[in-house]
Amino acid sequence: MLVQVQWFFIGKNPTKMAGELEQGMENSCIYKNRNEPVEARIKDLISRMTVEEKIGQMAQIGRSVATPSVIRKFFIGSVLSGGGSVPFEKALSSDWADMVDGYQKAAFETRLGIPIIYGIDAVHGNNNVYGATIFPHNIGLGATRDADLAYRIGVATALEVRASGVHYDFAPCVAVSGSSFLGETPLDYHFAFNLFQFGYTDVARDPRWGRTYESYSEDVDIVRKMTSIVSGLQGQPPKGHPKGYPFVTGRNKVAACAKHFVGDGGTHKGINEGNTLMSYEDLEKIHMAPYLDCISQGVCTVMASYSSWNGDKMHSHKFLLTQVLKDKLEFKGFVISDWKALERLSDPYGSNYRASISSAVNAGVDMIMVPYKYEVFLADLMSLVESGEIPMARVDDAVERILRVKFVAGLFEYPIADRSLLDTVGCKLHRELAREAVRKSLVLLKNGKDPKKPLLPLDRNPRKILVAGTHADDLGYQCGGWTITWAGTSGRTTIGTTILDAVKEAVGDKTEVVFEQNPSPDTFAGQDISYAIVAVGEPPYVEGGGDDSNLIISFRGSEIISSVADRVPTLAILISGRPLVIEPSLLEKVDALVAAWLPGSEGCGITDVIFGDYEFQGRLPITWFKSVDQLPVRHGENSYDPLFPLGFGLTSKNMKLSN
């Protein structure tokens, strides 16, 4: 049809194309008419679809196996890039847009021309794309307590994601990383019953979890506040917007994804993909609470968690996915699985795949993230539908939800990338926003061996200073996991400013900056170094690869700090996704200590504060334990005895910030 063909020519002016589309729709069917109500368009389109076309919409396949012919043959509904799955090394946003538009062209060549929705893990900026702005990871944003900042980061991220042709962001993670804080009052959707009662409930903070940095805080109120990023990503719904109905305000916005439903931050002993042991009442008050805020903002999708609740896998939990999320909370978007999650439903891993599909889809999962074995998935799903093991009504419900998000996101009207957005990628405005986020996220834990003689702010004009540590000149370490590659890596992985770069820019012209990762005694022989800045921390990691029972500073970081602090006044900066072990002797040696979390690409945000241009504002979003033997710590209990409590933070004048 003419309307479809007009979309095929990649590179045409999008505004002109939209006008052509609108003109061509006058005599077209209902689902192609933007002036018709969304629900009418859904009803019309789904009435025209074959079973094959419906189940194709339920598949989200990986970029590495996606081809135009696969999309056309199987009517694929979605394509994704997992962490590090890129068109080619150092691919720019324009290269991404070319790739996504190519897939979209294939989708519009199918019988009904249903667009794909392309998904990506843009969890701290569009972090897969070389040159994009990399914001602090969520734990750092939680230290700011700044809902408006989170909203503005969402706005900037949406622009950079849409510039790459991508429509769908698997963010934010709204896990409450364990807490004994249950809030002031029950939520308005509280059930009048509990499903389970246990002798003990391990809901306390546990930084041994490898995804700690993906959470804003152990405090449910802080997590709920930071869900404002949803409106930044999608746009702000108008007053009176229907409860639970997905919302995307235009071409500069993306469909967001609240994840991972539910309880992933409260697993026993902080084990990734583990088991959350608690009553329904506590699950609701703590871990489910942020989803209410996301749903009220029209979040388009919710991702199910790998984890279990009281031994039952979340991906096959019909009570929580359907009866609670969809029915009780009135969520009208679609539920998506996590990466290869269905293969995790059986033991051994990947066995009895057909039964896993049945279990997940019947539980309420609408779109299946099946990055590789899509042919097996589609064949098994078709068999299950034909046999009646998965009712056709369940398939129709899933497809209606997927189409609803596609219509709301404007994919039928604006299917291809808007190249006018390319100039926003890594632009000065966005980097300044990231720099602001770094400034506000820094938590000052100590300033001066004598509080009346603080080390900070640092003198800009000494004769010589030392910058040391494994993390002082490593952009990859500074950004952490989910940056360019899935797990992250070291080195100049993208465009940005390291701490060393920032220090050199901040100090006076006559100041000599000496850099050594691990200084030798000879470095101090001249006795003319005024002070040292030592940056150490963790290597990048993701998910279960970050589960850690020891939580020591990596690469002998404590030894580097100790060696330097024995010789000159020392500011220690910790680059980490969570609290780490700080021995009392080390804390006593250093003159100042700053928790900088995983700040991202803009290292100047650190020097803005340590040299006194801005005051420290950050407060701990998470309890800093004394030793791992204490874990899990229980905030609010009589036994609570941390090194630094939740909410702790100093100003450069050693005044405690209010919580």
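User: Is Leu551 buried or exposed?
Analyst: Leu551 is buried, at 0% relative accessibility. Keep in mind that this is a predicted model.
User: Where is Leu551 found?
Analyst: Leu551 is in the loop between β15 (531–537) and α20 (557–565). Its phi is near 55°, a positive value in a residue other than glycine.
User: And Trp482, what is its phi near?
Analyst: Phi of Trp482 is near 55°, again positive in a residue other than glycine. Trp482 lies in the loop between α18 (475–479) and α19 (499–506).
User: Is Trp482 buried or exposed?
Analyst: Trp482 has a relative accessible area of 4%, so it counts as buried, the cut-off being under 20%.
User: New topic. What is the strand order in the open sheet of 3 strands?
Analyst: The order is β5-β7-β10, with parallel pairing. The edge strands are β5 (257–261) and β10 (334–336). The twist averages 25° from one strand to the next.
User: How many bridges join β5 and β7?
Analyst: There are 4 bridges between β5 and β7 (residues 301–304). Lys259 has Met303 in β7 as its bridge partner.
User: Which helix packs on the sheet?
Analyst: Helix α12 (residues 289–296) does, touching β5 and β7. Its direction makes about 160° with that of β5.
User: What about the peptide bond from Asp347 to Pro348?
Analyst: That bond is cis, with omega near 5°. Pro348 is in the loop between β10 and α14 (353–363). The bond from Ala171 to Pro172 is cis too, with omega near 10°.

Definitions and conventions:
Residues numbered from 1 in each chain as written. Predicted model: local features only at pLDDT ≥ 70, side-chain atom pairs only at ≥ 80, totals over all residues. Heavy atoms only, no water. Pairing = 2+ DSSP bridges. Helix = DSSP H or I, 4+ residues; strand = E, 2+ residues; numbered from the N terminus. Axes fitted to C-alpha atoms, helices over the stretch in contact; angles between N-to-C directions. Contact = heavy atoms within 4.5 Å. Buried < 20%, exposed > 50% of the residue type's maximum accessible area, 1.4 Å probe, protein only.
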